[in-house]
Amino acid sequence: MRLHASKSFRSSSVFPLNKIFKSSLSSQSQPQKPLAPQSFIRSSAGKDEPVARLCRENRFKEAIDLLCEQNRANDAIQLLNRMDRPSAAIYSAVIQSCLKTRSLEDGRKVHQHIKRSGFVPGQFISNRLLDMYVKCDGMEDAKNLFDEMGQRDLCSWNVLVSGYARLGLLQEARKLFDEMPDKDNFTWTAMVSGYVRYDRPNEALDLCRMMSRCQNWQGNKFTVSSALAAAAAIPCLRIGKEIHGHIMRTGLDSDQVVWSSLSDMYGKCGSIEEARHIFDRMVDRDVVTWTTMIGRYFEDGRRDEGLHLFKDLIKSGTQPNEFTFAGVLNACSDVTAEQLGKQVHGYLTRIGSTPFYFAASALVHMYSKCGSMVNAERVFKGMLQPDLVSWTSLIAGYAQNGQPNEALHYFELLLNSGKVHPDHITFVGVLSACAHAGLVDKGLQYFYSIKDKHGLTYTADHYACIIDLLARCGRFEEAERIISGMPIKPDKFLWASLLGGCRIHKNVELAEKAAEALFEIEPENPATYVTMANIYATAGKWAEVAKIRKIMDDKGVVKKPGKSWIELKRKTHVFLVGDKSHPKSKQILEFLGDLSRRMKEEGFVPDTNSVLHDVEEEQKEQNLSYHSEKLAIAYGVISTAAGTPIKVFKNLRTCVDCHTAIKFISKIVERKIVVRDSARFHCFENGSCSCRDYW
């Protein structure tokens, strides 16, 4: 019975080496009585030695082939050591097994066996050994073998060049590349793609220009795709169009790989219309192509077009993948488009969440960023094994929404789970929760545990959070002590946190120190100038306020305009300070005027301390009345039914006057009003805020 006919051998994933060996050497006439290796060799010796050797070799090969099929390269090498003189076919099978299992040590053993046996490898075996060394990351062995080879063909050169390029050893790859007597498309592509992969696109394009000057060069889809990737990495639309022209002239424009690369290049070069034109011309669009095009729209702020294309993807019958959903949900998080996120959530629910379980993490993140913690928690609790991203998103979401106790509760649950360990981003959420709630001692405890208990290294974000925590409650000496002991240089976020604390506690001297550091780090940032002007104004230092304003004028620094937006019936309405461009502007201003009168009757006093001192008091109050978040809230109230919650987003930090005013508004109109500014969520209800005025 021949070995390859035995189903029992092939059905076993692990079969004893001795049985394999004996079975492969058993006599066909007496299968029930296998011969031991030594007796087989003795019985084969005699007057017909060449025939016996051939039979013996065939049976060894059958055994070795089976071991190689079972990925048992080491056992195959043991049999190899018992052969007189293995053939090229046997060596090839064992080398391929070493390559398949990425076993560099076993590959070296085979190479040594070849040298000891006296077998002279031909071009094929040498190249196979070379390929094994390269793909097992044994580049030193590969180079030594390459140098020893008496004959090298184009394949030999290509294998070594591509190996160096793949590992980022571009200097070594280029040296060999330049020495090559001949090159083909594979050679050029390997070198160009290596430059692209390791962020050296200019050198990749230089090589492409050299390639185009070669006589009769046409290139293939992989070469031009690498060239397009280089143009996209710079990015350079002009060069990308030149490559596009070459593709059209050489007839490569019928390949879907090339079309996909073209669309990607145009998108990364900012020409989204060209990218869409290419996309529309593609016949067989795969999910990666769809996902990339959808992502381009979201990155460009064209949310409606991205959503429309996502709907087209659903209708096309192509199944969205993890990157599609992650891209759409992350885009919703970035622009706080909760309604769009809910639509995606609904789609996931309809198709069944099991195939897209990974989307749960993105959903938790999206709902947390949009301030919908009830939904975020519901999704989180539906996960069998929440990952660290989900835990961190939930913790940070509760921290930003002014619910520090919930944030810390979930952090303790994470620690007690034993399955997931916090990282530095998780601790940013925890420290932020403590900072927003004024939990100084608790925050310091968590801060010191980062290094002492969890073995993590402090990051700049950790230091910024702990300084924010200390500065908010006026513990400036401790803050300065931590800053002076930092092993890293304080960044802009740390100094901004310190400056914010100084504004709260009117610490002019330390504020000047923080501002000086910020002016050096980012001299064009208007926030520092505005904050310092407000600090000086509150302290009555109007001459200093004038100096700040003059510096801003001289440097051309312009205050970033406040912008607020509200989403109603799937449409986003944006308001600027004093905005009168909205179709319902007249009704909004009339409503605000009525609100202003009722607020004053309730005891509201406008906070005009931070408004320019050279403006009349009445004008100051009017300026405050037209802040963008007040306009957005007013529009939300007059456009929705009584009792409907209002959610407004703002690009800047909410001012003190607006914060106080919205508390009064929430009580008067009997609405829950959520405002997310640049730092956190404020939930106003019945005249109070979730932040308890600690912000």
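User: In which sense do strand β1 and strand β2 pair, and over how many bridges?

Analyst: Bear in mind throughout that this is a predicted model. Strand β1 (residues 563–568) runs antiparallel to strand β2 (residues 571–576), and the pairing extends over 6 bridges.

User: What do β1 and β2 form, and which residue in the turn has a positive phi?

Analyst: The general idea comes first: most residues other than glycine have a negative phi. Here β1 and β2 make a hairpin with 2 residues between them, and in that turn Lys569 has a positive phi of about 50 degrees.

User: Where does Asp199 lie, and is Asp199 buried or exposed?

Analyst: Asp199, a residue other than glycine with a positive phi near 55 degrees, sits in the loop that links α12 (185–197) to α13 (201–212). Its relative accessible area is 62%, so Asp199 is exposed, the cut-off being over 50%.

User: What is the phi of Asn686, and in which loop is Asn686 found?

Analyst: Asn686 also has a positive phi, near 55 degrees, and belongs to the loop between β5 (681–685) and β6 (688–689). With 60% relative accessibility, Asn686 counts as exposed.

User: Which residues does a cis peptide bond join?

Analyst: As a general rule, most peptide bonds are trans. In this model a cis bond joins Ile234 and Pro235, with omega at about -15 degrees, and Pro235 is placed in the loop between α14 (221–233) and α15 (237–250).

Note on methods: Residues numbered from 1 in each chain as written. Predicted model: local features only at pLDDT ≥ 70, side-chain atom pairs only at ≥ 80, totals over all residues. Heavy atoms only, no water. Helix = DSSP H or I, 4+ residues; strand = E, 2+ residues; numbered from the N terminus. Buried < 20%, exposed > 50% of the residue type's maximum accessible area, 1.4 Å probe, protein only. Pairing = 2+ DSSP bridges.
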